[in-house]
Amino acid sequence: MILLFSGGYDSTLLALRYLSKIKVLLHIQYIHPSRDYELMAVGRLYEELKQKNPSICLKILEIPLYAQELSAGVGVSGSRYVPNRNAIFLSLAANVARVHQCDTIIYGATSCDQEDYFDCTPAFMETLSFALRIEICAPLLDTSLRPFEVSSTDVHRLLSLSWSCYQPDNGMPCEKCNSCKQR
């Protein structure tokens with residue numbers, strides 16, 4: 001299993017839930033306001049997760065995807081759609097998955113993402129899974145998931161290392177964008 005790993009709240013939840021099954025954490029670096037903060041979170045989280053699953057590896061791909069849409073301004077709420085971002089990320093993940101002999105890709109699309117982002121819907125996942133010939137799952141779309149089977153203290157500590165803000169305010173989360181609100 002490969003996890004698209006932004007270092008954010010949702011992908012960290014998935015990393016914790018599926019840690020024993022994940023072979024590869026795939027972080028994709030692209031041009032956006034929180035790029036450096038995400039990378040720092042990924043590094044911190046990877047060190048912690050590797051202690052729990054020594055066989056897990058981290059792959060970082062840097063791509064020339066420009067996400068000006070994420071630069072809407074500090075503290076601005078509302079969706080910020082980057083055209084085809086998840087399609088691009090999942091296509092790259094399919095390539096990395098084949099190299100590492102993974103048959104499933106998971107990513108952090110949530111039920112509240114579906115309203116604003118078509119690439120967070122079951123229909124999108126089914127279509128792309130068929131096209132890429134790999135299983136693509138977004139477990140956080142299922143709001144009936146059981147609670148975590150790891151200690152809540154550990155989950156809280158690791159989630160505190162994650163980064164979920166579209167556009168930081170002087171190095172801190174803005175607390176107003178949709179990503180901060182969902183956190």
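Residues are numbered from 1 along each chain as its sequence is written, and side-chain values use heavy atoms, without hydrogens or water. As the model is predicted, local features need pLDDT of at least 70 and side-chain atom pairs pLDDT 80 or more, while totals for chains, interfaces and linings use all residues.

Biologist: Are the helices H1 and H5 parallel, antiparallel, perpendicular or oblique to each other?

Modeller: Helices are DSSP runs of H or I with at least four residues, numbered from the N terminus. The axes, lines fitted to C-alpha atoms over the stretch in contact, come within 10 Å and cross at roughly 140 degrees, on a scale from 0 to 180 degrees between N-to-C directions. Under 35 degrees counts as roughly parallel, over 145 as roughly antiparallel, 65 to 115 as roughly perpendicular and the rest as oblique. H1 and H5 are therefore oblique.

Biologist: Which residues in H5 do Tyr9, Thr12, Leu13 and Leu16 in H1 meet?

Modeller: Contact means heavy atoms within 4.5 Å. On that basis, the four H1 residues Tyr9, Thr12, Leu13 and Leu16 meet Val155, Leu158 and Leu159.

Biologist: Is the aromatic pair of Tyr37 and Trp163 stacked or edge-to-face?

Modeller: Rings of Phe, Tyr and Trp (its six-membered ring) pair if their centres lie within 6.5 Å; planes under 30 degrees apart count as stacked, over 60 as edge-to-face and the rest as tilted. Here the centres are 4.7 Å apart, with 20 degrees between the planes. The pair of Tyr37 and Trp163 is stacked.

Notes
Helix = DSSP H or I, 4+ residues; strand = E, 2+ residues; numbered from the N terminus.
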